[in-house]
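Here are my notes on this one, as numbered points. Have the viewer open while you read.

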Amino acid sequence: MNIYEKRIKWVSDYMAEINLPGELSEYFKARNILVTGGAGAIGSNLIIALSKLVGPRGKVVILDNLSSIKKRDPWNVTPLDNILFVEGDVRSDIDLKRVFKENISLIYHLAAFFANQNSVDYPENSAEVDITGLIKLLEYSRLSRVERFVYASSGCAIYGSYPKLPLSEDFISMHLTTPYQINKMTGEMYCNFYAHHYDMNIVNCRFFNSYGPGEVPGQYRNVIPNFLYWAMKGQSLPITGTGEETRDFTYVLDLVQGLIKSGYFPDAVGENFNLASGKEVSILNLANMVNDAAGSSRPINFRPRRKWDTKPRLLASIEKAKKLIDYQPLVDFEEGFMKNIEWFRDNWERIEELADFPPGMSSALNIEEEQR
Ligand SMILES: NC(=O)c1ccc[n+]([C@@H]2O[C@H](COP(=O)([O-])OP(=O)(O)OC[C@H]3O[C@@H](n4cnc5c(N)ncnc54)[C@H](O)[C@@H]3O)[C@@H](O)[C@H]2O)c1
């Protein structure tokens, strides 16, 4: 089985297990759907699921400028007959006109300047992509009378530093600590404005710490792919903090489930809700799991917490998503973690080539240089 066949199988098996209602499958059939950021970690899984749902008479159009991916290599995009990959930018009128010619009825807006540390290093670029890009997309969506617009917001951008746990949607905080968080919060506010002023059908989905097949390690990427990468290279794992910090790690296909349902269920419209696992895993526990799996006995390297990282724990309530869209995360952490490792091992050569840790990088961690 080649790498694409395996990813298709994983998505197909998952979809068979969640047993989507017949009306939902009918609703998606033969649609043309735009996924911005469709070559990214989450998008590259979503496009496979959507390709199955829209079938041969529909189309999944990706708009992605490949900026997250070293060498601008679109290897994450599974080649399927009904997927149209357009390399382009959400800020470009030329690119937007190109994709909106495709008679789009549903949009998943996942493209973003990812993520916290990147936005600290490049605050202007991050605002241009995350805010100006979003406004442009909303304008084109309104003029094209798109039926529904699903926005990828972020749990870490809404609830601030020390909120009550589990994080529930009736609380927000203005105490945000990175431009990325500010942009995502602003993004929800723009979505709410377009929903209110133009009666657009918009859904704000707040993701929590995605992991799973499709995410290549890099200086600005998430902790799980980076830990796996360092451990598999025989390097010690850095923890910025005590290791007792927790995150609500969500398997990427559970997020895909939430996105599909957000694109369909009427009660999602005009709402914001968390898409998470509803469980916490500590960073130290994660580091130990990674070292065990990689057979590494290197000691953990504890460092000071990064200034913007003010969240000792993240745990989301998923009650609202359960109620509104029948969201039911299926994959527990151990199972998802094993799938993530399998994907890493299957694709190790490619991952090593594309892992993005440039020398002299400005982000807090430069493991490779230190250990040389
Ligand atoms: N991964 C997470 O844990 C997480 C958590 C909360 C929210 N989110 C949000 O979910 C979305 C997807 O996250 P991901 O992990 O797949 O990120 P990702 O970086 O892997 O994917 C984003 C994609 O957007 C593309 N992109 C960036 N700028 C663009 C531009 N100007 N025009 C067109 N394409 C552009 C990138 O090339 C990339 O392929 C993002 O909006 C992110 O902020 C992710």
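1. Let's start with the ligand. By class, its shell holds 16 nonpolar, twelve polar and three charged residues. The classes work like this: Ala, Val, Leu, Ile, Met, Phe, Trp, Tyr, Cys and Pro are nonpolar, Asp, Glu, Lys and Arg are charged, and the others, Gly among them, are polar. Of the 31 residues around the ligand, Gly37, Gly40, Ile42, Ala112 and Phe114 come nearest; being near takes a C-beta atom, placed from the backbone, within 6 Å of the molecule. E2, helix H6 (123-143) and E5 are the elements that give two or more residues to that shell. Helices (H or I, at least four residues) and strands (E, at least two) are DSSP runs, numbered from the N terminus.

2. A word on what you're looking at. This is a predicted model, where local features need pLDDT of at least 70, side-chain atom pairs count only at pLDDT 80 or more, and totals for chains, interfaces and linings use all residues. Residues are numbered from 1 along each chain as its sequence is written.

3. Check the cis peptides. One joins Phe114 and Ala115, with omega about -15°. Ala115 lies in the loop between strand E4 (106-109) and helix H5 (116-121), and Phe114 is one of the residues that come nearest to the ligand. The bond from Leu165 to Pro166 is also cis, with omega near -5°, and Pro166 is in the loop between strand E5 (148-154) and helix H7 (179-198).

4. Then some backbone angles. Lys71 has a positive phi of about 65° though it is not a glycine, and Arg72, not a glycine either, has one of about 45°. Where is Lys71? In the loop between strand E2 (59-64) and strand E3 (83-87); Arg72 is found in the loop between E2 and E3 too. Lys71 is exposed, with 10 other C-beta atoms within 10 Å, and Arg72 counts as exposed with 12.

5. Finally, H7. Its 20 residues reach 27 Å from first C-alpha to last, close to the 28 Å expected at 1.5 Å a residue; that expected span is 1.5 Å times one less than the number of residues. Its buried residues include Tyr180, Lys184, Glu188 and Tyr194. What covers the buried residues of H7 includes H5, H6, E5, strand E6 (202-207) and strand E11 (272-275). Just after H7, Asp199 takes a positive phi of about 55°.

Definitions and conventions. Buried ≥ 20, exposed ≤ 12 C-beta atoms within 10 Å, placed from the backbone. Contact = placed C-beta atoms within 7 Å.
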